[in-house]
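Could you walk me through this model, one selection at a time? I have the viewer open and would like to know what to pick next.

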Amino acid sequence: MSEGAPPQSTRLSVLIPFAIVTLIWGSTWIVIRDQLSVVPPSWSVTYRFTVAGVTMLAWALLRGDGLRLDARGWRFAVLLGLAQFVFNFNFVYRAEQHITSGVVAVVYALLLVPNAVLARVFLGQRMGRQLVIGSAIAMAGVALLFVHEARLSPVGPHAALLGIGIALLGVLSASTANVMQATSTAKAYPMATALGWAMLSGAAIDALFALATVGPPVFDPRPSYGLGILYLGVLGSALTFSIYFRLIRTIGPAKAAYTSVLIPVIAMVFSTLFEGYLWSALAAGGAVLVVAGLVVALKARRPNR
């Protein structure tokens, strides 16, 4: 081992959580797509984070963390729930009504960019030159995907561009929540407790929004829908968000967002297998540029320090 290399245990403590998050989140996009046939998106989001919140609070009790928060903790949990579990996921589900799950995942690969910018503004973490160059390459790739979707979307170019625009709003919402997790306020409370109440707060707001906009609750009786809610709630939310937010607290928002390098690759493979996603030279070139740009940023020695 070279003098400046991190210990093996340190590398594994980052690589293993990265692998878990990318594999699970790479598969969730296709599950979300299956949930859009009968149930309005806002109700599906409500069910998902009700399951996730209950799971997280049960885990908090098992860990002995307790369920109590003070006034500052409640404010943080509600704001986190609003950014991550209301705005972000309502945008995700609605984006998938217009474009394929793989393309939504590719747009979310750009999470690295606002994470780095917001971390610089609010946390004082400086952006390296390589991060800026890689981000520019990645955005050029997304521009090619914009053109591809606009040309080939069966619902027309306006709907395709609308879907991509909605996904970008979701990226900004998720980035806000990511940076919140790196603040001293977040670190002052047990992860499972704060995250559980944030999920349930988000679910409550989602339910009120759904009731006001689409009416009473709707549930799809298909077994795949119920199993999908459990998968998204327990594995795709409770497990992965607790791992991902811990990474953010440990290595910062910009570096934690590197999980998004592999997630779109996994998601687009699922999209090809189950949604009939058609690859063109333009789409392939765009995807390659996105991943290449993010890999360039990833190789920076200190991209966000």
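This is a predicted model: local features need pLDDT of at least 70, side-chain atom pairs count only at pLDDT 80 or more; totals for chains, interfaces and linings use all residues.

Residues are numbered from 1 along each chain as its sequence is written, and side-chain values use heavy atoms, with hydrogens and water left out.

Start by selecting residues 41–63 and 191–213, helices α2 and α9, whose axes lie 8 Å apart at an angle of about 160°. Helices here are DSSP runs of H or I with at least four residues, numbered from the N terminus. Axes are lines fitted to C-alpha atoms over the stretch in contact, and angles run from 0 to 180 degrees between N-to-C directions. Angles over 145 degrees count as roughly antiparallel, so α2 and α9 are roughly antiparallel to each other.

Next, select residues 71–95 and 157–180: α3 and α7 have axes that come within 8 Å and cross at roughly 160°. α3 and α7 are therefore roughly antiparallel to each other.

Finally, show L12, I16, I20, V234, L235 and L239 as surface: they form a nonpolar patch with about 420 Å² of accessible area together. Areas come from the Shrake-Rupley method with a 1.4 Å probe, and only the protein chains shown count as cover for residues. Helices α1 (8–34) and α10 (223–251) each give two or more residues to the patch, and I16 sits in α1.

Conventions:
Angles under 35 degrees count as roughly parallel, over 145 as roughly antiparallel, 65 to 115 as roughly perpendicular and the rest as oblique. Patches are made of residues with over 30% relative accessible area and no salt bridge: like charges are joined within 9 Å, nonpolar side chains (Val, Leu, Ile, Met, Phe, Trp, Tyr) within 5 Å. A salt bridge is a side-chain nitrogen of Lys or Arg within 4 Å of a carboxyl oxygen of Asp or Glu.
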